[in-house]
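These are my notebook entries on a structure I looked through one topic at a time. I write down each term with its cut-offs where I use it.

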Amino acid sequence: MIKHIATVVLFLLSASRADASNTHLQIVLADTIPKKVSLAEIVIKGKKPPVTFKIDRQVFRASEFMGAQNGSGIDLIKNLPSVSVNAQGEINFRGSSSFQVLINGRPTQGDPSFVIGQLAASSIESIEVVSTPGASFDAEGKSGVINIITKTAPEKGVMTQVNVMTGAPPFNDFDNERYDQPQRRSVDLSMGYQKGKWDLSGGINYLRNDQAGYREGDVFTVLNSVKTSYPSVGERSFKRYNYGGRLNVAYVASDKNRYDFSLYRGYRFQSRVADLLYSNSKSNVFTGSLINSFVYFNENTQEKNGVFDLYAVSASNRLKENVLLDQSLQYEGAQLEGLTTNTNFSYPGLREIYQETINPSANPLSAYRYKLDLTIKKEKSSFLVGYQFRYDIQKGNFEYRYRNIGGTDFLIDPLFTNKLVLQNNIHGGYFQFNGAASNLNYQVGLRAEHMNRRLSFQGSNGERLRLLNLFPSYRFDYALSEKTHLKHSFSRRIKRTNNYELNPFPEREHSETLEKGDPSLLPELSALWELGIEKKLKKGVLSFSVYHQRIKNPIQRVNNVFNDSILNRIYTNAGLAKQTGVEFNFLYRVGKRWQISVGGNTYRYDINGSLFNSSLPFSNGSWVYVLNSTQTITLPSNWFVQLGINYLSLRATAQGEDGAFFTPNLSVKKSSTNNRWNFQINWLYMDGGLGISNRQRITTKGADFYTTTNYIY
């Protein structure tokens, strides 16, 4: 830990030196009427509250994070105390990628990185974090719920906001050849209108967000007393863009009846290049004598694209003065497609092709939800009973075609080619009671879900899994004083499986890796206990919580040897995992100029069990540190400067460890006197010449293999 603190201090001292970085400009034009601020919330004089506490969630105002305003929702949520984003762009909430994303209260089922990456950060008003959801929430997502609230019109007014951004070239392009000029630019428009019984809001957005990168890898396998080593170096860059539109319409027919309609439609494209030079060699394990060696160049491109749709209608009807009926119907669609091309060339010269492969794939998702809630309210209590039906179907079509030396046509390899269909039918019933007594507010509930999972694929009758699970939850909020609250909560959650994790047929990721799933995977079940305190300070807020989580059947991605030069990357259940941690969030205003925001999550993660049909016992664990901080300086004439730091420490996995990941950003902003426009410049991944930011090493090892890869972006 001392080493990491010293690293951060050294970075701050040398931040004026520039090496690998990215800069861009953002211009914002806005015409807004400010919303009313509740006096019951935390108030910092002259500003809206950056953080507010509710009985079951924390609410973060998006505009506090200046460095994210030009990017996607991922750039925004990575600043939250409990959230981290690694070098691969994977989002972790309290150390897990399994959490449920809601958009304006509507649950989504797709991959969180895909869903949140579709949204423009500047279209987001606030983010709600629910770490121990109650029974009224879908049980999906073992780490909890993140609800993204998009911007709407102010009360009885009009809102228009336009953001335009362009990016400068990076200082270091790693001498890449294919994606040597990454581009970064965006434009988005948000509008809202509220008058009479109508409330309308919507927007459109476009974001181009390329990333230049480099990869250093070292791998070896041992088979039949022969060690095969194949280290590699080369380009690993991304070209990516997305665009979309959203619309929300609310009609308040009377004080008893309200009707809502919302839609979102977006498109996302990503092309990942991995052009690597491999130096293969074989040697005798016992004598170390060289058997043979050769060098080849692997040109690999993986393209992924998809259209994301979310449509929802809902009605809220007050049957009696104290009886409320809520109904909603929702459709979510994701038309996902991919193409991986893999070509091995002779080196040097690249004149001869050893092998060519292409892997086209399609993996569309359609999901339907219906929800019915009946709430009965009394003076200090309420009782909710509800039902939810969920049906989703995901159809995967994965092909593997190859052409060897001298061949003219691509041939299909049946070992790696398959079609599969995954269907889930889930019925959920639940009740929840909310009450209050003196200084105590409490919530207790129970949710029951019956899942029927059916997986079918070519050449098999398929597999079916039926499970009935109970998900109890409770929450207590005791007011020690007007400004200090003590909270205790418990929640049981589940992480269900997707097509990739269940697909038993390997997909050729690149020259050295195959990836496949396990059709008999069980869902993860977790139980989380949390004890915390929240205090409103005179000029800020402080929250602190201790939590413990037990995870049954954790799904891990592990490796074994496929052949002497290819590793098999497999999804499997891995025994039992435990996580005990401390989470904190501190926001304080020093004088009139300086606002400090520091949040973090420190936890001990332990995992143990056995892999590959109990043939390989394992045990691994480590402490993990997540630190997210923003320091904001308010200067005269409406100038603002903000330094943001995101740090994720080394983390243990079932067979190895994921290295630390550090990203610092600097923003300078100028606003007009009436706050109707602002101009901003951001310096992303600023490094100070230390060569420590925006890079991560991932290592796995076993009895007969070792692999380590350093990703640098």
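**Serine 126 and its contacts.** I looked up which residues serine 126 touches, leaving out those up to four places away in sequence, and I found Val59, Phe60, Arg61, Ala62, Asn147, Ile148 and Ile149; a contact here means heavy atoms within 4.5 Å. Serine 126 is found in strand S8, where strands (E, at least two residues) and helices (H or I, at least four) are DSSP runs numbered from the N terminus. With a relative accessibility of 12%, serine 126 counts as buried, since buried means under 20% relative accessible area, exposed over 50%, and partly exposed in between, using a 1.4 Å probe and protein chains only. I also checked its distance to proline 506, which is 380 residues apart from it along the chain, and the two C-alpha atoms are separated by 41 Å.

**What kind of model this is.** I noted that this is a predicted model, in which local features need pLDDT of at least 70 and side-chain atom pairs count only at pLDDT 80 or more, while totals for chains, interfaces and linings use all residues. Residues are numbered from 1 along each chain as its sequence is written, and side-chain values use heavy atoms, with hydrogens and water left out.

**Confidence.** The pLDDT, which is the predictor's confidence in each residue from 0 to 100, averages 85 over the protein chain, and 91% of the residues score at least 70.

**The whole chain.** I counted up the secondary structure of the protein chain as 4 helices and 43 strands. The C-alpha trace spans about 80 × 60 × 45 Å along its principal axes. The radius of gyration is 26 Å, which agrees with the value near 27 Å that a compact globule of 713 residues would have; it is taken over C-alpha atoms, and the globule rule is 2.2 Å times the number of residues to the power 0.38. Of the 713 residues, 53% count as buried. Among contacts with a separation of 6 or more, 67% are between residues 24 or more positions apart.

**Salt bridges.** Side chains of opposite charge can pair when their charged atoms come close. I searched for salt bridges (a side-chain nitrogen of Lys or Arg within 4 Å of a carboxyl oxygen of Asp or Glu), and the whole structure has 26 of them. In one of these, glutamate 140 pairs with arginine 390, with the closest N and O atoms 3.7 Å apart. This pair links distant parts of the chain, 250 residues apart, as glutamate 140 is in the loop between strands S8 (124-130) and S9 (145-150) and arginine 390 is in strand S21 (residues 381-398). Glutamate 140 is buried at a relative accessible area of 16%, and arginine 390 is buried at 3%.

Arginine 390 also meets aspartate 392 in a salt bridge, 3.3 Å from N to O. A further salt bridge, 2.6 Å from N to O, joins arginine 496 and glutamate 449. Arginine 496 lies in the loop between strand S27 (484-495) and helix H4 (499-502) and glutamate 449 in strand S25 (residues 440-457), so this pair ties together parts 47 residues apart in sequence. Both arginine 496 and glutamate 449 are buried. Which residues are linked in a network of salt bridges? I listed Asp138, Glu140, Arg369, Arg390, Asp392, Arg447, Glu449 and Arg496.

**Backbone angles.** Most residues other than glycine have a negative phi, and most peptide bonds are trans. I noted that arginine 94, although not a glycine, has a positive phi of about 55 degrees; arginine 94 lies in the loop between strands S5 (91-93) and S6 (100-103) and is buried, with a relative accessible area of 3%. Finally, a cis peptide bond, with omega about 0 degrees, joins tyrosine 347 and proline 348, and proline 348 has its place in the loop between strands S18 (323-346) and S19 (353-362).
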